[in-house]
Amino acid sequence: MASKVLPKPQMHGLLAKHLRFHMIGAFMVSLGVIALYKFAVAEPRKKAYTDLYRNYDLMKDLEEMRKAGIFQSIK
Amino acid sequence: MLATRVFSLVGKRAISTSVCVRAHGSVVKSEDYALPSYVDRRDYPLPDVAHVRHLSASQKALKEKEKASWSSLSMDEKVELYRIQFKESFAEMNRGSNEWKTVVGTAMFFIGFTAILIILEKRYVYGPLPHTFDKEWVAMQTKRMLDLKVNPIDGLASKWDYDKKEWKK
């Protein structure tokens, strides 16, 4: 055990090193999460809305519902 | 009368510590746990006291030798001085163990036991489900929700193909 000489560990600047690593890491992870959310959740949702409302006819929709018999006031 | 006067002094904390010390014969014996103690902690690298409190004769001699130049100490003597001061080295105190296996195993055991209890509860304690959970009722319910066009953008009605009258693939 005494024959092997260990390399000298880092003695100073430990907090600075820790902070730098984790600041950059946190920034990158946040950007990644933001990008993932935008392209997996936000964009598909916006597309779904535009696709629905592009050719949306309210009266036709209500007519279908009336025929299905869900309204209590009109048959 | 006099005794009650003394009690009022105790309540007002008017008896000083020196008076109390004199009552005990001038020697205040602290309990062991109240004195500074030794801890092996990563975040407290230099404990309040040394690990070995009562040195043997050879250890006392070594401590005397420590007062001289340290280059005269041999390797074993340096290690001996270290062991007097500290119980476990950082490597020893930080060593991993297999305790996590016991913890995970015990947790899974008790979760399994709880699962058995829940199965018995469902079988012997609970009454029948309401009629609104029958397959026919749920089918009628879903048909009505599709007629109402519930959540036509992201939810239920968006998954139904109204032209082909079937679920979207």
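Let me start with one pair of side chains. A:Glu64 and B:Lys149 meet in a salt bridge, at 2.4 Å from N to O. Keep in mind that this is a predicted model.

Between chain B and chain A the count is three salt bridges. Polar contacts next. The rule finds two residue pairs in polar contact across this interface, both at pLDDT 80 or more.

Now the interface as a whole. How many residues does each chain bring to the contact? Chain B gives seven residues, and chain A gives 10 residues. The area buried between the two chains is about 800 Å². Carbon and sulfur atoms give 65% of that area. Which residues of chain B lose the most area to chain A? They are B:Asp147, B:Lys149 and B:Ile153. Together they make up 61% of what that side buries.

So much for totals. Back to B:Lys149, which turns up both in the salt bridge with A:Glu64 and among the residues of chain B that lose the most area. Where does B:Lys149 sit in its own chain? B:Lys149 lies in the loop between α7 and β1 of chain B. Is B:Lys149 buried or exposed? Its relative accessibility is 13%, and the cut-off for buried is under 20%, so B:Lys149 counts as buried.

Look at the backbone there. Most residues other than glycine have a negative phi. B:Lys149 has a positive one, near 55 degrees. B:Asn151 also has a positive phi, near 50 degrees. B:Asn151 is found in that loop between α7 and β1 too. What about accessibility for B:Asn151? With a relative accessible area of 48%, B:Asn151 is partly exposed.

One more residue from this loop: B:Ser158. The loop containing B:Ser158 runs between α7, residues 135-147, and β1, residues 160-161, of chain B. B:Ser158 counts as buried because its relative accessibility is 13%. Which residues does B:Ser158 touch, not counting residues up to four places away in sequence? The list is B:Asn151, B:Pro152, B:Ile153 and B:Lys168. Two of those names have come up already. B:Asn151 has the positive phi, and B:Ile153 is one of the residues of chain B that lose the most area to chain A.

B:Lys149 is buried and forms a salt bridge with A:Glu64. B:Asn151 is partly exposed.

Methods. Residues numbered from 1 in each chain as written. Chains lettered and ligands numbered in written order. Predicted model: local features only at pLDDT ≥ 70, side-chain atom pairs only at ≥ 80, totals over all residues. Heavy atoms only, no water. Contact = heavy atoms within 4.5 Å. Buried area = accessible area lost by both parts, 1.4 Å probe. Salt bridge = Lys/Arg side-chain N within 4 Å of Asp/Glu carboxyl O. Polar contact = N/O pair within 3.5 Å; in protein donor to acceptor, adjacent residues only side chain to side chain. Helix = DSSP H or I, 4+ residues; strand = E, 2+ residues; numbered from the N terminus. Buried < 20%, exposed > 50% of the residue type's maximum accessible area, 1.4 Å probe, protein only.
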